[in-house]
Every structure is written in C-alpha cells, then in structure tokens.
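Please look through the sequence and the structure shown below before reading on. The report that follows takes up a helix contact, a strand arrangement and the nonpolar cores in turn.

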Amino acid sequence: MQRFRPRPRSAQTTLLTPQNRKLFKQWELLAYQPTSSLFATMIWKWIFLTALLPGALTSPTPPSRPNTTAVEGPCRIYNSGRSADCLGRQLESVPWTQFPPTLEEIDLSSNKLQAVLADDFLRLPRLRVLLLKFNNISHIDSEAFKNNKLLEHLDIFNNSLQEIPATALTPLLNLKQLMMSNNLYEHATLDERFSKLVHLKVLSMGGPLVMGLKKADFQPLKNMRLHGFAIKCSSNLSYYEPGSLEVVQTLQMGFDMALDQRPDALHHMLRDLANKTFSVIQFRNLFEFTYYMGTDDIFQGLRYVTSQQLVFHRGKFNENLLRMALMNLEVASIRNLRLQYIDFARSPTFIDSGGDSSITDLALDELDLWYISNPDVLRFDWRFTWFNKIKHLSIQYVNFNSVPCDAWAEMSAVEILDVSNNRLQDNYIFNQRCQYKGAMPNLHTFTLSTNDLTSLRDLSSLTREFQQLQELDVSNNRLGAAGKSRDCVWQKSITRFIAHHNRFESESLRCLPTTVQYLDLSHCDLDQLDMTYFEKANSLKELLLSGNKIKFIPFQWRSPSLQSLALDGNSFGVISKASFRDMPRLSRLRAGNNPFHCTCELHAFVEYTTTKGKINLTDWPENYKCYYPEAFLNKVVSKYLPSRVACDIRLVIIICVATTALVIFILMLMCYMFDLPWYTKATFQIIRAKYRAHKEKAAGEAGSFTYHAFISYSHSDADWVRDQLLPCLESDKNPYRLCIHERDFMPGRWIIDNIIDNIESSRKVIFVLSRHFVNSEWCNYELYFAQQRAMGKTFNDVILVVKEPLDPSSLPSKYCKLKKMLSTKTYLEWPQQVSQQPFFWAQLKSVLGKPSVTREGRHSVRSIASSVIGSEVVDRKAEEAQLNAEPKNKINKMNNCELSNQIHIPAVVSAAGERSQYNVGAESAGHLPHSSTFQQREFRLQLYDRNMTSKLQQCMIDLITVFHTYSGKEGDKYKLSRGELKTLLQVELAELMAVGISLTPVCAGSPSPIQVTECKDPAALEKILSALDGNKDGEVDFQEFAALADSIMCSQLQSAMEDLIKVFHSYSGKEGDKYKLSKAELKNLLQGELSELFLSASKDPMVVDKIMSDLDENKDGEVEFQEFVVLVAALTVACNEFFIHANSSSISPEG
C-alpha cells in the first residue's frame, strides 16, 4: 500500500512485507477513528503494533482460486477442496459439517465466533492454516487442535481471550506463526510448554491490559531464534523489569507501548537489546500523550544497538527529543531512519542562537520523513545540516511549500532524492534567485512524482546543473503544455525519464531530454507522436507509450537503438511489419488492448513475430482482440486465420497473372478460331464508313434502292460474272440493275465505304461462292457487311450462289455465319451441264423478284442490259417491220438465260443436298408443284404422245425431233458431237452457213457475238462449237442447241421459229396492242394451242391468271413476244427432258 510504503524501488530494507500491507492499512484506518475511552485507544494501538514486524504478520499467501463448484453452505470451498473462505459471514459457530476432510486452509476471520470447540476441527487432519482473527472468541477448548498436528499458521488476533491458551497449543509442534496479540489477558507470561514449539518463527503477543513486563515472561523463548517478535502493553506502562527482553532473539523487534509515565524504561529496554543484531526495530507511540521535556538522554542506549533500520511510528516529538535521537544515531551502527506519522512541534522555549547546528555528522544510508503534518521538521533547529551526509533522502506527504536556497547546498551527499506527494508547484521547487551551479553534485535519481508541476522549462532549468543526474521521475504531474515546454536545456547525463500520467501535447515532446535510454510516457493523453523528437533520441532503448490515444503508428518511425516498446491501450487498429521496419534492434513489444482491424496486414505481422521470434509480443495473446470488421468483434486475434490466397499478395499476383494469361490465351485462341480481330476491324470499318456517310449527308429514302443486287465475287471468278451472270440478268427487256466493284464503285472513295454504301443501296446481295471467294479478304468483308445489314432480319436479302462445290466443314472459322447459312438456308448451285443452266437462271430471277424502278430513275432494264452485253436491241417498231418484211430471216436472238424467263424447271440444291424438280403444269400457273417421279413421268408421256395439232406444239416437237435426228450416232445419244453438229449445220442450216451467221455465246464466253462469215471457213465449226458449248465438254446438249435455235432459223428449224411468230401474232392485237397478248388473247392462245397441256390438266379456274402473272415480267398486264418465247422455251426443254427420261426408262432393267 502506497500510503504506508512510499519508499522507492531502490530501497533495500522495509518494515512491512507485501503480504501484510492490505491488513496493515485496515488497522491504520481503524486506528484513526476517535475513541471514547482509553481502553479502546489501547486496543487499536496494540492492533497496529502487530503490524510492525513483517515476519510476525507474514502469512502464507492464499493460492490462486481456480473456478470450482462451491459446496452449499455459508463458506465457499475452492482450490479442489483444499481451501475454505468463511470471511465475514456473521457466523456464530464453526460450520464444521460443511468442511471436507481435505481442507488445508480455513479463513473464519471477521465473524461472531465466541468459542472454539473440540469437534470444530477434529475431522481436518491436513489443516495447515487457520485464521480466527477479529472474532469474539473468549474460550478455546483444550483439545480443539489435538487432531491438527500439521497446523503451521494460527491467527487468533483481536479476540477476547482471558488467558494465553497454552494447553490448546501444546499439540501444535509444527506451528511456525502464532498471532495472539490484542486479547484481554493481563500478563504476558508464557507457559513453559511454549519451549516445545521449536519451529516457531513469528510471535505477537500482549494486549491493552498488560501493564508491564517481567524478566520471567519470555524464558520459554530463550532457545528459539525468531524472525519476528512483537509485544504490546498498556498505554500507561507501569513497570519494566530489566532483562525482560534479554532472552528474546529475533531479527525484527516491535514495541507498542507509551513511556509517558516511565521514560526511564527506555534505558532498560535498549540495554536489553544491546549487543544484538536486528534488521528492524520499531517504536510505536513512544510518547503518546505528552512531549518529552526532560534533559536526560533517554536514547543513549542506541549507540550500543545494531540494527539495519530504526522506525519511530506515531508519537509526539519536539526538537529536543529529535535532537537526542539524532545525536545518538551519529555514533550508532544504525544505517536507516524512518520518522512516519509523528506529531512534531517546537518547544515554546526554543530559541535560535544563530550558531551552527549540533547535528552535522549524521551519516545515514537512508532517511525517510513520511506523513509528517508539520514541515518544520525539515529544519527543526533552523538548519539543514542534518541532511549533508544522507545518501537517500525521502520526504513524502510533508507538504512543504518552499525549498530555501541553502537546502540545495546542504544536500551535497544526497544521491537519491524523493520529494513526491508534496503538492509541489513550479515556484516552490525552482527559485530563479537561487544559484544552482555546483548543487547536488552526487544526485543521480530525482523523484518529483505526484505533485503539481506544469513547466518542463523550469524543471530543466532546475536540473541542468545536477552533473550526475541520471534518472528523473516527474510522473503524475500536469506537465506537457506546449506553452511551458519550450527552450528546454537538459543535463546530458539523464538516461531515464519517467513522465507517465501527465498531459502531453505532441509538440511538447520536443522539450524532452534526447539523451535518455528509458522513456515512460504512459497515460499522457497523446493522440499522435512527433517524429522530430525520436529522430534526435538516438540512444533510446526502452519506450513506454501505454494508455494513450495514439490513432496510428507513424510511418518510417526511425529508432535504431530501440529494444523495447509498449503501445498497449491506445487507439490504433492497424499494425504491420512495415510499422517497425526502421527499428532493427526491437526485440520486445507490448501492443495489446487496441481496437485491432483484423486484416491480412495484422495476420502477417502476427505470423512474423510469433514464428520468426525476432520480436517478442510480451502480452500475447490474451490482450489482442479484433475490433473491426464487425463480424470479428471481440474475436481473439490468435484465432483469426485468413486464407493464404486472401493475404499473400505474391500468390494473388501469381494467380492474377496466371488467370489473366489464361484469359488472354483463351481470347487469342477464340480470336484465332473465330477470326475476332477481323470482325472487330470490319465492325470498326462499318462504323467509320457510316460516320463518314453521315458527315457527307449521304441519305436516301428508306425502302428504295439504287441496285437490284450487289454481286460479291472473287477476282478469280470475274470472268464467270462478266460472261455468264451479267449478260443473263442485264440483257433482258426489263433488265436488273446490278452492282459490281469493277464497274460501279466510285473512284477516289475508300474501298470500305464503296462496299458498305453499295450493299446498303442494293435490295439483294448475291455471293458467288467458290474456293477463291473463301480465300479473298475483300469477299469476307462484303459477306460480313451483308450479315450486319441483315442483323435482326431473316437473311432473305442474301442469295448464295455456289459456283463450285464447297464443303461447309472445311471453311475457316471466321466463316461461321456462312457455315450456318449453307447448313440451314437453301442456296443455288451452278450446274456444270449446259442443259440445266436455263433452270438456274430462272430460279435466280425468281429469287431476285421482278425488276422495279430504282432510286436513280425509271431506266429501262433492257437498255441497261444492252449497254453491258453489247448486243443490238431494236425497238418495238423495228421488230414489227422485221417480222412483216422477212418472217423467215433472222429474228430477235434468245440465249438460254432467256429461255427460262418465267415458266421454268430450275435445279435447286436444298440445305439437305437434295435436288428438287419443279415441273410445268397448270396447277402452278407456270411453276409446277413438287411431285413424285411417277407423276412427272406420266405427265411427260401425256405431253409427248397426245395429238398435238396446234402449230406451237408442232414447232416444239420439230425442235426436239431435229436435235435427236442427228445426236447419238458417235457417242452420247443425248448430245451432238463435233461431227454430228457439223452434219446438222450442213443439212438444216446450209443456206445460212453459205451467207454467214452471227451467234451469241451461251453465257460462258465473250459477251460479243461470234461472226461466222463463210461456211467453208475451216475454223467456222470450231467457232460455232465454242459459242454453243457452255460447259466446255466438247459436245452440244439440247439446252445448248436451243440457244442456236434462238439465234438462227433454217429449214425445218426455221419453219418452227416462223411458226412461233405466226402463232403469237395470230392471237395478238385483237383487243389492244398488236404486239402484245392481253389476258383474253392469252387464254385463247392457250385454249387453241396448248389446251391438252394446261387447261385440261388443271381444274383450277385461276390457272390463266396465274400463268399471266408469271409471264408478265414488267407487270403491264400484257404478254409481249419475248415473254411468250420464255413459255415456249421452258415447255420445249421440259419436253426434251421427258423424252430423254422416257427413253432411258425403256431400256433400264426397271423398265
């Protein structure tokens, strides 16, 4: 307890042991209470006397009390049944029925026990400690302890015993401590049986009714060597026989007796103590009621006493009595003196003579002046000379308010000065008029704690001249204000600075001494640290910052010498390895009781400190708990174990890099497989082109187009486009307006812009697919742009023409959309056989639809086609004149593309790869429905075998008959070889061959006509064969032969052509235009010329309307001759194919 133990840690001796401080304080507080009688006063005095001897009051410290299940009853049983706590339970008797036989310690203090009976502790053979103090015990049975032979500590202090219970104590041969003072027995005489207690070490006895001591009182102790002995007598000592204490041999001796009436008894007591060695001798209340005014030196015997410490506790002292004691101590072997709680006052007759003090040679190791109400005791004879040979001076609770200048000079030998707990202020201790130079030359420890100091500047001014000062303790003051912490100059010898429990501002740290090795700034209300000071304090080894309000650990805190750091009880939540990176010598850290943020940084720091062991967390792990996040609130940090992935930044980087690399690789693989960069580039080109078009304000009406179709093809397929596709689609009476890059792209524009604009300006987009198309970058662009235009539609605007067979699975990955279209969409396949090509063109035209007027004007399709192909186109009047004048001469030429104008049997390749036949019949008004092979064959037999009496039917039969008359003699019976063609020309066309003919190639060669000027020309046959042989197989099939009939007429063939013209004009002109057939005229023609073929085969009343609709290409409600010829050509070809199939069936095994 600090009130009674203000001695600093350096003190080597004490009066009271730590075990007795709590009890000592209780007794002291009780002693302060007012009493109404002398008897009560004597009781409290004797109670306090027992505290004088550390050994006498030393009792075994109860072991820690673990959590145990308490037994029901007034007492708490703990320590696995070895201890019982019955303190203060108001018990009137011992509850022995509750006690288990395993008990070793029982505390029955502060109850209302009146007696100790024989059965109370009979069942406790293991009992070692029994505390019965502060009860009202007046009787102890003689057999109360007969079964407690192991008892070592018995405390019956402050009870009502009328006599010393010698009989009851006899069995206790192992007794070591016996506390039986402050009872009501009148004599202190010990029974002879006490001599058997050979293990006894501590004994306190006496009471307020003991009036004196006799020589025979302590004879049983003569052979014992005690550690502590205390005796209490009445406050009015009546007698003391010399030699009473002579036989007592102890290390610590305590007296609680007043010598007001018998001051001479002190001579005898000191004589009995002579020639003995003690550690402590204490006199309590030596003069309790009066000041000693005599002249006899009652302390003369002190010079013969050998003791480490002498204590005067309480009592009245004047300057005369104090001088007597000090003068004898000058020559005594006593090294420590303590005056505590004494009542000091100067004698009324004291006069200062002005001479030197009589006390000038008091050489003590330690002088303690504690709890003295009158500060005049410091200079009881108006001098401070009694301090000049004191090494350790402690002045506490004296409350002096000034330090005269001469006091510093007189304390030249002081090494340790402790003036704590005196309410000192700055001006009390530091006087600017004093000269401190050379003062306190030996002082190395200066303690100023628990005062009212506020100025570090004044404190530094006071101590800067103390040359040997090493430790300065200014704790529990009010230091730290920035205004009083400037211009500090400290003694460079200071190595320890203790300043806990002050109110420091961060700026005030700069006023601290920079030479310190130990700095204690705990509980100083610091919220941040000034790194300027710590950068200068290069010698700092131990720093205490506990209990502050520091919110963060400063970054780059450089302290190269720091070895121990205390940061517990602050307000920071983040701590990491980097926090102490610049403290290479740090080995001890206390950082618990902070609101820690349980993060990876904290976990890494804990792992670093606990595994590597470089830094020892001295308060780990119980003081480390999580404060944030809320999910981990109050969770012990040692149990916070995040995953390695969450905390290892290197692993996270590796995973991120690996994942990123994998994603990039997958993206690159996808780009490679699906040609994503190409699509990105193409999309960018679309956006850029549309942006340029927007800026150029290239706008048009929605739903109108400049071209009927945009043709996308490879440069390697350009000849096929120019020689086959364009002539077939642009050379008609109502030609299609087509866009090809070679002709229609605007010079000077970006190619991408031209592609996008022309695709946007075209109703349809035709893709000529071939192996060359697949390998063309620009074709891929055009396909992609067309797909983008059709986005969100059904891709009906895209027409696929497969020029040569393609396997969709062999296409590159970037053609994924094309693959899908080839697998799901019906496409057109270019037939290699010339006979099937008319059906191809007819199907292509049907997909393209009827030509319509474009945005650029109502231009004639026929005029556009004429300009491209180069064939001569005559107007309607020229045709009429030619028909009237030369009916048997050359007529308007028809190529095999035109033969399939409307009524056709196209060869179409479906998505499943099957070839579907659309046969001519009345049911479809020109387009025949799907039918089985048997139905097709039956229809063709009807077409061939019936009597066809009309001229038109006969003309068609004549064409077929002429062809098959000459075919099959040298090879394929359905084709004309070179020789067979030559024979046909010589027989059927001899007249025309003599004068020369002009042939238009069959959509495969040059668009210009081939002139054969002389039939005897050796190259004439080759020119004709080249012009007719569209598929380049060296032979002419019927479809190619029909092209010859389109260009020339001769002999029987000429007659067939003339019949066609005559049949047309025989029906036209009766209702309107003489060169066209109206609906009624067409009906009459069909009924008169083809009744068996169409009208009789169909019951549909709308058959004529359907045929009219299919033939009327320009939608003018009439059928002109060119449209009529298409009908005839399609029917002729169908009949020829029927003839071929019928003939084949007749010779086949199925047949």
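Predicted model: local features only at pLDDT ≥ 70, side-chain atom pairs only at ≥ 80, totals over all residues.

Helix α14 covers residues 718-730 and helix α20 covers residues 837-848, and the two pack at an angle of about 65 degrees with their axes 10 Å apart. The crossing of α14 and α20 is right-handed.

## Strand β20 and its partners

Strand β20 (residues 390-396) is largely enclosed by the rest of the structure, because six of its seven residues are buried. Strand β19 (residues 364-370) runs parallel to β20 and is joined to it by six bridges, with L369 standing opposite I395 of β20.

Strand β21 (residues 416-418) also runs parallel to β20, the two being joined by three bridges, and here L393 stands opposite L417 of β21.

In soluble globular proteins, nonpolar side chains tend to be buried together. The largest nonpolar core in this model has 177 residues, and F218, W408 and F446 are those with the most contacts inside it. Helix α5 (residues 319-329) supplies the largest share of this core, namely six residues.

Leaving aside residues up to four places away in sequence, W408 touches V403, L417, I429, Y436, A439, M440, F446, L462 and F466. A second, separate core of 45 residues includes C955, L981, L1044 and V1103.

Note on methods
Residues numbered from 1 in each chain as written. Heavy atoms only, no water. Axes fitted to C-alpha atoms, helices over the stretch in contact; angles between N-to-C directions. Helix = DSSP H or I, 4+ residues; strand = E, 2+ residues; numbered from the N terminus. Left-handed = near helix turned anticlockwise from the far one by under 90°. Core = buried A, V, L, I, M, F, W, Y, C linked by side-chain atoms within 4.5 Å. Buried < 20%, exposed > 50% of the residue type's maximum accessible area, 1.4 Å probe, protein only. Contact = heavy atoms within 4.5 Å. Pairing = 2+ DSSP bridges.
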